[in-house]
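Subject: A structure for you to look at

Hi,

Here is the structure I promised to pass on. Open it up, have a look around, and then read my notes below.

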Amino acid sequence: MTGTPALRIDAITIFPDYLEPMRHALLGKAIEQEILAVGVHDLRDWATGGHKAVDDSPLGGGPGMVMKPDVWGPALDDIHAGRAGFDLDTAAAHRNDKARHDDVAEVVARPYTLPADVREGEDPEAPLLLVPTPAGKPFTQADAQAWSRENHIVFACGRYEGIDQRVFEDAAQRYRVREVSIGDYVLIGGEVAVLVIVEAVTRLIPGVLGNTESHEDDSFSDGLLEGPSYTKPRVWRGIEAPPVLTSGDHAKVEQWRREQSLKRTREVRPELIDAATLTEEDRFMLDARDVVTELDVLGWKPGAEKNMRRALKKAGYRVAQISTKERGTDVCFGPSMLETEYERREGHPSPDPLVKLRVYGRTALSLTEATQAVVAALPKGADWYGSTVVQP
């Protein structure tokens, strides 16, 4: 194949071999398929003098060394002008004789529709210059999605105490400059961060992954973490995979996965929950728990279960099971508190038997509110006594 790759990456570094991993796995395959092109440039090609120094002591004093603007400036100039550098090829030939998921399912790989990362006053056709630095803006999945639509990204791999800031002020005339951090920690240099960002971005380019849905359901794609994953066997070392995953009910599987995603995010990254746009159903999944309401009821009517289910659903109490059992007439049992109170109030025994009502379900209501919801759904005039507890 010959053609223009979807994305051209140029990386400037003093350790070109550090970026060799981009030749492997899916990145290597993307290079092989001409979806991705990677050029690596040795910064020392622009250094002068016998030692090819690329750094000097910081102005104003202090520890460490700062990378020199008179080396970085010409490097960025030449790459903007089209310097190719050393183009990476794939580390090994990949099999391309097996139909991929999207081919079989006749799914057209689709790019993200986020707007381009262009700020006011910037040339939208200018290359994107990414500078990995702990002082940069945190790199996010949204950045990866937006940058997956770029045509040309240039990486400046800093070392030591960083690169002279004037390099980026000057580069802003020809590039869209972004200083970016992959986390709140410090690395020896920018090369590892480049590998992280390139992999996160490239896998989102249409055609790189064989299954488009595999990255559309990723952690952070909707602002949440992805839930746990399972494969065969169903039971491994005595640990069973969640039965819902082998139920064959796709709707229940999707509901379970959404619930697990919400709960994992709340547990691990609660700030993401606060920032996410959640539906009423999402809120229910987060806050609901399994409960059982147990009531002694005097005045239960045959057929009341159907109306109770309807009323509880409307109240936010999702019923899994309702059971009723009449109290026996065993002589070992005396009149209950409800029966005694009814006879005192009405002057005669109740014509209705005492029924033990159990409602099993799931709700985000408080335990008191759950009890009140069940009581409100009882037949009119029924007497009751009982409460709601969380199921173990």
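First, where does UniProt place the feature "domain: tRNA methyltransferase TRMD/TRM10-type"? The record, an unreviewed entry, puts it at residues 7–82 and 126–274. Keep in mind as you browse that this is a predicted model. If you pick out residues 7–82, you'll find that the C-alpha atoms at the ends lie 14 Å apart. That span is 26% helix and 24% strand.

How much area is buried between domain 2 and domain 3? The value is about 530 Å², with carbon and sulfur atoms giving 45% of it. In case the idea is new to you, the size of an interface is often given as the accessible area lost when the parts come together. On the domain 2 side, look for E281, F284 and D287: they supply 83% of the area that this domain buries against domain 3, more than any other three residues.

As background, side chains of opposite charge can pair when their charged atoms come close. The interface also has 3 residue pairs in polar contact, both partners being at pLDDT 80 or more.

Zooming out, the structure holds 29 salt bridges. Another one to look up is D117 with R178, where the closest N and O atoms are 3.1 Å apart. This pair ties together distant parts of the chain, 61 residues apart: D117 is in the loop between α3 (101–105) and β6 (128–138), while R178 is in strand β8 (residues 176–181).

Most residues other than glycine have a negative phi, and most peptide bonds are trans. Against that background, the peptide bond from K232 to P233 is cis, with omega near 0°. You'll see P233 in the loop between α7 (213–216) and β9 (235–236). Then there is A25, which isn't a glycine but has a positive phi, near 55°; A25 sits in helix α1 (residues 25–32).

Last stop: L365, in the loop between β13 (354–363) and α13 (367–376). Which residues does L365 touch, leaving out those up to four places away in sequence? They are R289, A315, G316, A370 and A373. For a sense of scale, L365 and V40 are 59 Å apart in space, C-alpha to C-alpha, and 325 residues apart in sequence.

Cheers

Technical notes. Residues numbered from 1 in each chain as written. Predicted model: local features only at pLDDT ≥ 70, side-chain atom pairs only at ≥ 80, totals over all residues. Heavy atoms only, no water. UniProt positions renumbered as here; feature names shortened; annotations may be inferred. Helix = DSSP H or I, 4+ residues; strand = E, 2+ residues; numbered from the N terminus. Buried area = accessible area lost by both parts, 1.4 Å probe. Polar contact = N/O pair within 3.5 Å; in protein donor to acceptor, adjacent residues only side chain to side chain. Salt bridge = Lys/Arg side-chain N within 4 Å of Asp/Glu carboxyl O. Contact = heavy atoms within 4.5 Å.
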